[in-house]
Amino acid sequence: MPTSPTVKLPVQLVRQLQAFRRRLRTVKILEAICLAGLAVILSYVFLYVSDRVWETPPTLGWILFICAVAGLLTFIPWWSFRWVWQRRTATQLARLIGKNDAALGDRLLGVIELDSEMYGHQYSSEKLKEAAMEQVAREVAGQDLTVNIPRPRHRILFLLLSILVLCTGALCIVSPEAAENALHRWLQPFNPPERYTFTQLDPTPDTLVIPLGESHAYELRLADSTKSRPETAHYVFGNRMRQQASLEDGVYKVLIPPLQQPDRLEFSAGDVVRRMRIVPKARPSLISAAATVAYPEYMGRPDGREPMRAGVVSAPEGSTLTLEVTASQPLAFAATPQGKPLRVDGSKVIIPSILLGKDPQEIELTWTDQDGLDAAQTVKVRLEPVEDKQPSVYLRGGENDRHVLEDTSIELEVEAADDFGLRELGVEWQGEKSFYEEENPDGGAADPEKAGKTVPGLHGEKVLETGDPTRTGLKGTFLFQARALKLSPQRVVVRGFTQDYKPGGKRVYSEPMVIIVLSKSEHAQMIRNELERIVSELEGMIRRMDAMTDEAKRLKTLEEKELRNTEGQQRLHALADEEQANRRELNELINRSETLFKEASRNTQIDPSGMKEFMKGISMLKPVPDSAMKNAQKKFRDSTAENSTPQESRQSLNGAESDHSDATQALKDAMNQLSKSAQDMEASTFVARLLQAAYKEDFIARSLAGQLNTVVGMTMEELDPSTRREMETIATLQNASTQDIGWILEDLNYYKSRTEERIYSDLYNQMNAFSLREKLDLVHGNILNSITAQSIDESHLYASTLRHWAKLIDDYKKSRGGGGGGGGGEEESISDADFEFMLKIIRMIQQEQDIRMRTRAAEKEHRKLNAQTP
């Protein structure tokens, strides 16, 4: 304390003021410490108590922490500044004392002013100043200045602090875990640990995923370290009613109702509170499955992929599968029903190395998604072994060309299919055994060196397409031409074939297609027979049309009233309907006739005069359906019209009857023309058939001559088996030739009865008188008895006889100018020479088409060979 340089405060007074200052500092600093301690401990205790009641919000935790820090930063520094720094001089202390004792404070302040440099110079007498100071010192010496310390509360604050410390210590002793947890939470408001509760539960998720639309029981289990075990807990969903859950074996069961939308669950048991977000979610379900298939080695196929269809994955027997089962959402775990873990990749479960035998297998598995949801039921995938069945093959084409000439080409389509690859596709043909060679109209053998030998090419095959293990379908075309395949006229069975890669597998054949290869004479006979059928059907139509004419004439005799009544109208409608049906049938006959004419034009042995008559008959038929018959049909309809007058109906009926009669007459004329054509064709076929029979007998003779050196002087029993078989075949051929002669006789007998030409009657009588059939039967017996030389001579003799008879008919036809055909002296619309030229043009066009088909086939073969050449 500063003093006057001349007069000093009494020592005793100075000591009293210093004692007062020390006591003031002690009391106020103690108060600051107690206040700061109270702020800190109260902040901690409040947090502790708050945590016992509820989950203290982070904001409140921060407030309490800030209050504690503020207490430390406020009370001690501010209190020190106020009671230590601002109370260090004597003047400051005197003034503080004056607040409690004004008189004492004034006297002390006065003395201190006498001692100060500022005020001391006002008093000139040092003695007086010393006397005044001594007087005040004596008065103060007997007083305790510390009683003037303002509001000393350090004892109360210390007591409060002590009590609070003891209580807090008691809390720490009673529940050290809660106290320690509260301390950590108080010290770390920025990242507080989880609140300690006396009732403790096992950890629960913040979000609980449950099955969508299903009720769910969720268990909350008390932890082993729990201090409290409330018998009843409470929970509530959203804003719904609060519910209770009883404690059973340390578990509270919360019943979650079926949910479609997310909800919130609040659960409380004792002092613990858990809040969870409830999210309903669909269970993981089977979306798809597929298998990577390692096919059996024999198939030679690269690994493939087979998807699941209708819950089944199919693969060939002997395959090794890697199964991939896809779930609707990412998975966390998958296993077999026996608990064996399976490989999981995202939402896929992969099961490798499944060997597929002959019996079906069922793969079962369970899975859990990443949210802990299981499948609603065991996932099942059925593995179905597929037997490598035989492939299928189809042969199509030539439906209308089953009877064909040797030089006619038919394009056949062959198609094959298989599940697991085809090796090849081809066609096979099988003919009947025959000794006939290519027909020679002159009656001679085409190649004498081939006498007695079977015709080559009776059996053959051709591979059309070569497949590979990955081609499940093959398609090819085959051009069938008997002459190119070296097939004589005979019955040929054609089949498509294919083969797969299955070990031990055999060729699979299509349904057989029978193609009758005809010689020109046989073909001519077929044409004539078909033409006769057309004439017969035309004749039946004419009879029906005659009956219709009679019906129309009967209707014309009816009176108007009878004609207009219901019965009359029905009869008119019936005539119109029948006329329409006849038109449709006639058009079909015309189409058949044109097709037959086109087929007949291929055969050069058919007499051009007969072809000319045939064409003329078709020309006569073609306008009938769309002229007279169409007009008749329309007029029959008009006669039944309701808005027509009786005179108009009668007129329509008369016109219909007239047109119908004209159509009938036109059909009769055309039928007569076609009948004449059939007769001319039949006459011309006799020549060809007789020449063919002669050729067969010559061929039999040549065949016997080829065996003569081997069989001479030997019986059939003594012959080598192969030679005997050849002799038996020749005998069979002789028997067939005898049957042909019998059919010629029967046809000749029928033809002579329908024609007045005497040549055919005379020829029939000669053949009967000659008894050719009986003589040929004797030749057949001689061949079987190995009487070879006589059989050769007789065959040559009968061949010459047959050629002589054929020449008789041919000379007669030539003498008549090719069989007539003008008919009635009418002027021909086209001359015979022009018609023959036209017929040659038609045949050239057909040959051109046939050449084009063969060229296309050859080009395909050429491309195929080039593609196969490396």
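A patch is made of residues with over 30% relative accessible area and no salt bridge, where like charges are joined within 9 Å and nonpolar side chains (Val, Leu, Ile, Met, Phe, Trp, Tyr) within 5 Å. The structure is a predicted model, in which local features need pLDDT of at least 70 and side-chain atom pairs count only at pLDDT 80 or more, while totals for chains, interfaces and linings use all residues. Residues are numbered from 1 along each chain as its sequence is written, and side-chain values use heavy atoms, with hydrogens and water left out.

**Exercise 1. A surface patch**

Task: State which residues form a nonpolar patch on the surface with about 310 Å² of accessible area together.

Solution. Step 1: The members of the patch are Val49, Val53 and Trp54. Accessible areas come from the Shrake-Rupley method with a 1.4 Å probe, and for residues only the protein chains shown count as cover. Step 2: Val49 belongs to helix 1 (residues 11-53). Helices (H or I, at least four residues) and strands (E, at least two) are DSSP runs, numbered from the N terminus. Step 3: With a relative accessible area of 43%, Val49 is partly exposed. Buried means under 20% relative accessible area, exposed over 50%, and partly exposed in between (1.4 Å probe, protein chains only).

**Exercise 2. The two sides of helix 16**

Task: Determine which residues of helix 16 are buried, and which exposed residues lie on the face turned away from the buried side.

Solution. Step 1: Helix 16 spans residues 758-770, 13 residues in number, and reaches 18 Å from its first C-alpha to its last, close to the 18 Å expected at 1.5 Å a residue. The expected span is 1.5 Å times one less than the number of residues. Step 2: The buried residues of helix 16 are Ile759, Tyr760, Leu763, Tyr764 and Met767. They lie on the same side of helix 16 because they cover an arc of only 130° around the axis. The arc is that of the directions from the helix axis to the C-beta atoms. Step 3: The face turned away from the buried side carries the exposed residues Arg758 and Ala769. Step 4: Just after helix 16, Ser771 has a positive phi of about 55°.

**Exercise 3. A buried aspartate**

Task: Identify which backbone nitrogens lie 3.0 Å and 2.7 Å from the side chain of Asp369.

Solution. Step 1: Asp369 is located in strand 15 (residues 361-369) and, at 1% relative accessibility, is buried. Step 2: A polar atom of the Asp369 side chain lies 3.0 Å from the backbone nitrogen of Gly372. Step 3: The backbone nitrogen of Leu373 is reached by the side chain of Asp369 at 2.7 Å.

**Exercise 4. Salt bridges**

Task: State how many salt bridges the structure holds, and locate the partners of Glu415 and Asp659.

Solution. Step 1: The structure holds 28 salt bridges, each a side-chain nitrogen of Lys or Arg within 4 Å of a carboxyl oxygen of Asp or Glu. Step 2: Glu415 pairs with Arg396, the closest N and O atoms being 2.6 Å apart. Glu415 lies in strand 19 (residues 410-417) and Arg396 in strand 17 (residues 392-396), so the pair ties together parts that are 19 residues apart in sequence. Step 3: Asp659 meets Lys635 in a salt bridge (2.9 Å, N to O). This pair links distant parts of the chain, with Asp659 in helix 14 (residues 646-711) and Lys635 in helix 13 (residues 628-638), 24 residues apart. Step 4: Asp659 is buried at 13% relative accessibility, whereas Lys635 is partly exposed at 30%.

How values were computed. Polar contact = N/O pair within 3.5 Å; in protein donor to acceptor, adjacent residues only side chain to side chain.
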